[in-house]
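Biologist: Could you take me through this fold, starting with how the strands pair?

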Amino acid sequence: MRRARPGATPRGTAERALTSVGAGADFDDGGDNRDGRETEPDRQPRPTRRQDPEVSRLWYITLSVSGAEAPLAEVRRGLEQLAHDHPFLLTSRYAGDHAEIRYWEEARDLHDAAAVALRLWGEHRSTAKLPPWEIVGLEVIDRHTYHQRVAEGYGPPPAAPVGVHPY
């Protein structure tokens, strides 16, 4: 049973289509041919995902968006709604023609974290009534790098109190 508001479609289904891709050369399908013979008897079996789950890591995301001038009140309201919809949002800074969003994302690797970050603005554009701006910058760093930068004094600017703030 799906839990959602009456009449609501599942998040992202209206614009997203699933695409099938072929397995890479290192894909381990269990090692058996259809007739039951082992394909490479001398090869050590590779661990499958179920045997060796990859651990998620935390990634610090800075997403920059920009576009045509929009009323500041609408930009602020949209970013506040985004913060409500995406609870891990740390802080947003905005002006009439650009904004910067900073938050932590949990993902298996950098590619997954970046993919989620690149979808954030577009997926929430209509629900949060965000301006029709485009993503103009993305930085994804791991937790260790974030803390190293902060310790050396050249990390991200000290976060304003969590929330949405003008530049």
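**Strand pairing**

Modeller: Thr91 stands opposite Gly163 in strand E5. This is a predicted model, in which local features need pLDDT of at least 70 and side-chain atom pairs count only at pLDDT 80 or more, while totals for chains, interfaces and linings use all residues. Residues are numbered from 1 along each chain as its sequence is written, and side-chain values use heavy atoms, with hydrogens and water left out.

Biologist: In which sense do E2 and E5 pair, parallel or antiparallel?

Modeller: Strand E2 and strand E5 (residues 163–166) pair in the parallel sense, over four bridges. Two strands count as paired if DSSP finds at least two bridges between them. Helices (H or I, at least four residues) and strands (E, at least two) are DSSP runs, numbered from the N terminus.

Biologist: And how many bridges join E2 to E3?

Modeller: Five bridges join E2 (residues 89–94) to E3 (residues 98–107), and these two strands run antiparallel. They form a hairpin with three residues between them. Within this pairing, Tyr94 stands opposite Ala99, and Arg93 has Glu100 as its bridge partner.

Biologist: What is the strand order in the sheet?

Modeller: The order is E4-E1-E3-E2-E5, in an open sheet of five strands with mixed pairing. E4 (134–142) and E5 are the edge strands, each pairing on one side only. From one strand to the next, the twist averages 20 degrees. Axes here are lines fitted to C-alpha atoms, for helices over the stretch in contact, and angles run from 0 to 180 degrees between N-to-C directions.

Biologist: Which strands does H1 touch?

Modeller: H1 packs on the sheet and touches E2, E3 and E5, and its direction makes about 170 degrees with that of E2. H2 also packs on the sheet, touching E1, E3 and E4, at about 150 degrees to the direction of E4. Contact means heavy atoms within 4.5 Å.

Biologist: Switching to the helices, which residues of H1 are buried?

Modeller: Val75, Gly78, Leu79 and Leu82 are buried, where buried means under 20% relative accessible area, exposed over 50% and partly exposed in between (1.4 Å probe, protein chains only). Seen down the axis of H1, the buried residues fall within an arc of 95 degrees, so they line one face of the helix. That arc is taken over the directions from the helix axis to the C-beta atoms. Ala73 and His84, on the other side of H1, are exposed.

Biologist: What does Leu79 contact?

Modeller: Leaving aside neighbours within four places in sequence, Leu79 is in contact with Leu89, Ser92, Tyr94, Ala99, Ile101, Trp121, Leu130 and Val164.

Biologist: And which residues of H2 are buried?

Modeller: Ala113, Ala114, Ala117, Leu120, Trp121 and His124 are buried in H2. The elements covering them include E1, H1, E3 and E4.

Biologist: How many residues has the largest nonpolar core?

Modeller: That core has 24 residues, and those with the most contacts inside it are Ile61, Leu79, Leu82, Ile101, Tyr103, Trp121 and Trp133. The elements giving two or more residues to this core are E1 (57–66), H1 (72–85), E2, E3 and H2 (110–124). H2 supplies the largest share, five residues. A nonpolar core is a set of buried Ala, Val, Leu, Ile, Met, Phe, Trp, Tyr and Cys residues joined through side-chain atoms within 4.5 Å.
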